[in-house]
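Dear colleague,

I am handing over the structure below for your attention. A summary of the findings follows it.

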Amino acid sequence: LLYTIKFELNMSDIDWPAITAKLPTDREDPAQKAKRKELFSGFDPNGNGVLSLAEVEKGIRDVLCLDDVFDAKPAIIRAYQIAKNVTKSKRSDGVGDDYIEFKEFRFFLLSLRQYFEYWAAFMRTDADGDRRISLVEFVEAKGKIMSWVGPIDDMEAEFRKIDKNGGGVVLFDEFVEWAISKNLDLEDDDD
């Protein structure tokens, strides 16, 4: 219970402007592109031009110094998986498609910010901190959820739609699919 209370306080006390400021995603700004190159170098300690998931996690912790984001492993994994597949690698060694290259790094940073927002919403709904949302938790969070996605007439029916595998709980991947379809937007983030 103490972990749940502490974690929920952390999820509701996120410094969104500080996170966004550390993620240089503007395509047109030369200073942000230079910052992305610098960050990519910091994330790539062996200088091989590709980032593994472990390097990305270490970079989030040690280069970006974003502890809240570092602790959101499912969001990092999801952002990593989508970013590494955004373009086909032209590397002759054949390893590029399994990793993030610089041309995918901007998309990774954008995805990381978005998936972290989904993670924060997920954890604010997951009252007991078990990384699964039960029907009871979903229904009890009705006010919060509707402030993020708009009106929902039947919370139980909505829960069943989200629970694609019929397991009786909503997992993060299921929540993300639903959040994207509903254009989820936390009320306290900075966008």
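**Findings in the predicted model**

Thr-125 lies in helix 7. Thr-125 is buried, with a relative accessible area of 2%. In sequence, 20 residues separate Thr-125 from Ile-145, and their C-alpha atoms are 7.9 Å apart in space.

The mean pLDDT of the chain is 90, and 90% of its residues reach 70 or more. Over residues 1-9, however, the pLDDT is below 50, and this stretch has seven contacts in the model beyond near neighbours in sequence. Among the elements of the chain, the lowest mean pLDDT, 49, belongs to helix 1 (residues 2-12), while the highest, 98, belongs to strand 4 (residues 169-170).

**The nonpolar core**

The largest nonpolar core has 51 residues, and those touching the most other members are Ile-60, Phe-105, Phe-108, Ile-145, Phe-175, Trp-178 and Leu-184. Helix 7 (residues 102-125) gives the most to this core, with twelve residues.

Phe-108 is placed in helix 7. Its relative accessibility is 0%, so Phe-108 counts as buried. Not counting residues up to four places away in sequence, Phe-108 touches Val-56, Ile-60, Ile-76, Ala-79, Tyr-80, Ala-83 and Ile-100. Ala-31 is 77 residues from Phe-108 along the chain, and the C-alpha atoms of the two are separated by 18 Å.

Phe-43 is buried, with a relative accessible area of 1%. Beyond four places in sequence, Phe-43 touches Leu-51, Glu-55, Val-56, Gly-59, Ile-60, Val-63, Leu-64 and Phe-105. Between Phe-43 and Gly-59, the C-alpha to C-alpha distance is 4.7 Å, and the two are 16 residues apart in sequence.

Helix 11 (residues 172-182) has the buried residues Phe-172, Glu-174, Phe-175, Val-176, Trp-178 and Ala-179. Two of them, Phe-175 and Trp-178, are among the core residues that touch the most other members.

Helix 6 (residues 73-84) packs with helix 11 at an angle of about 65°, and their axes are 11 Å apart. The crossing of these two helices is right-handed. On the side of helix 6, the contact is made by Pro-74, Ala-75 and Arg-78, and on the side of helix 11 by Phe-172, Asp-173, Val-176 and Glu-177. By class, this contact has four nonpolar and three charged residues, and no polar ones.

**Two residues with positive phi**

Asn-183 is placed in the segment after helix 11. Although Asn-183 is not a glycine, its phi is positive, at about 55°. Asn-183 is exposed, with a relative accessible area of 62%.

Cys-65 lies in the loop between helix 4 (53-62) and helix 5 (67-70). The phi of Cys-65 is near 55°, which is a positive value in a residue other than glycine.

Finally, Glu-140 is found in helix 8 (residues 135-140). Glu-140 is exposed, with a relative accessible area of 64%. From Glu-140 to Pro-17 the C-alpha to C-alpha distance is 29 Å, and the two are 123 residues apart in sequence.

With kind regards

Methods. Residues numbered from 1 in each chain as written. Predicted model: local features only at pLDDT ≥ 70, side-chain atom pairs only at ≥ 80, totals over all residues. Heavy atoms only, no water. Buried < 20%, exposed > 50% of the residue type's maximum accessible area, 1.4 Å probe, protein only. Helix = DSSP H or I, 4+ residues; strand = E, 2+ residues; numbered from the N terminus. Core = buried A, V, L, I, M, F, W, Y, C linked by side-chain atoms within 4.5 Å. pLDDT = per-residue confidence, 0-100. Contact = heavy atoms within 4.5 Å. Axes fitted to C-alpha atoms, helices over the stretch in contact; angles between N-to-C directions. Left-handed = near helix turned anticlockwise from the far one by under 90°. Nonpolar A, V, L, I, M, F, W, Y, C, P; charged D, E, K, R; others polar.
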